[in-house]
Amino acid sequence: MYSYIKTEPGQWSVGDFTEEGEWQAESVWYTPEEAAERAHWLNGGKTPVTDDDEATSNGQR
């Protein structure tokens with residue numbers, strides 16, 4: 001299950017933990033709201049505010 005964590009001031013990382021307990025980042029966002037929306041969408045939620053095209057075009061990985 002995807003979630004998000006604050007990784008630096010002004011940055012939230014969306015990802016999940018490996019079986020070994022290590023954080024595996026999927027993308028990085030600049031607001032907790034964007035990170036929450038991305039995690040929600042990755043977990044099967046509907047009607048995302050941002051989509052994959054926006055994630056890659058806004059400097060996300």
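Modeller: Contact means heavy atoms within 4.5 Å. Keep that in mind for this predicted model. Among contacts in the protein chain between residues at least 6 apart in sequence, 24% join residues at least 24 apart.

Biologist: Which elements does the protein chain have, and how many helices and strands are there?

Modeller: The protein chain has two helices and three strands. Starting at the N terminus, their order is β-β-β-α-α.

Biologist: What share of the protein chain do buried residues make up?

Modeller: The chain has 61 residues, and buried ones make up 25% of them. Its accessible surface is about 4200 Å². Carbon and sulfur atoms account for 50% of that surface.

Biologist: How do you know whether Arg38 is buried or exposed?

Modeller: Check its relative accessible area, which is 6%. Buried means under 20%. The value for Arg38 falls under that cut-off, so Arg38 is buried. Arg38 sits in helix α1, which covers residues 32-42. Ala35, Glu37 and Ala39 of that helix are buried too.

Biologist: What makes the pair of Arg38 and Glu26 a salt bridge?

Modeller: The N to O distance between their side chains is 2.6 Å. The cut-off for a salt bridge is 4 Å, between a side-chain nitrogen of Lys or Arg and a carboxyl oxygen of Asp or Glu. The pair meets it, so the name applies. The structure holds one salt bridge. In general, side chains of opposite charge can pair when their charged atoms come close.

Biologist: Which parts does the pair tie together?

Modeller: Arg38 lies in helix α1 and Glu26 in strand β3, so the pair ties together parts that are 12 residues apart in sequence. Both residues are buried.

Biologist: Why is the link between these two side chains also called a polar contact?

Modeller: The distance is 2.6 Å. A polar contact needs N or O atoms within 3.5 Å.

Biologist: Is Trp23 buried, partly exposed or exposed, and what is its relative accessible area?

Modeller: The area is 24%. Buried needs under 20%, and exposed needs over 50%. Trp23 falls in between, so it is partly exposed. Trp23 belongs to strand β3, residues 23-29.

Biologist: Why is the aromatic pair of Phe17 and Trp23 given its label?

Modeller: One aromatic pair is counted. Phe17 and Trp23 form it, with 4.9 Å centre to centre and 70° between the planes. Centres must lie within 6.5 Å, and planes over 60 degrees apart count as edge-to-face. Both values pass, so the pair is edge-to-face.

Biologist: What else does Trp23 touch, leaving out residues up to four places away in sequence?

Modeller: Its contacts include Ser3, Tyr4, Ile5, Val14 and Gly15. The side chains of Trp23 and Ser13 make a polar contact at 3.0 Å. Trp23 and Ile5 are 18 residues apart in sequence, and their C-alpha atoms are 9.5 Å apart.

Biologist: Which residues make up the largest nonpolar core?

Modeller: There are five: Trp12, Val14, Trp29, Ala35 and Ala39.

Biologist: What does Ala39 touch, leaving out residues up to four places away in sequence?

Modeller: Ala39 touches Val14, along with Tyr2, Ser3 and Tyr4.

Methods: Residues numbered from 1 in each chain as written. Predicted model: local features only at pLDDT ≥ 70, side-chain atom pairs only at ≥ 80, totals over all residues. Heavy atoms only, no water. Buried < 20%, exposed > 50% of the residue type's maximum accessible area, 1.4 Å probe, protein only. Helix = DSSP H or I, 4+ residues; strand = E, 2+ residues; numbered from the N terminus. Core = buried A, V, L, I, M, F, W, Y, C linked by side-chain atoms within 4.5 Å. Phe/Tyr/Trp six-rings, centres within 6.5 Å; stacked < 30°, edge-to-face > 60°. Polar contact = N/O pair within 3.5 Å; in protein donor to acceptor, adjacent residues only side chain to side chain. Areas by Shrake-Rupley, 256 points an atom, 1.4 Å probe, with all protein chains shown as cover.
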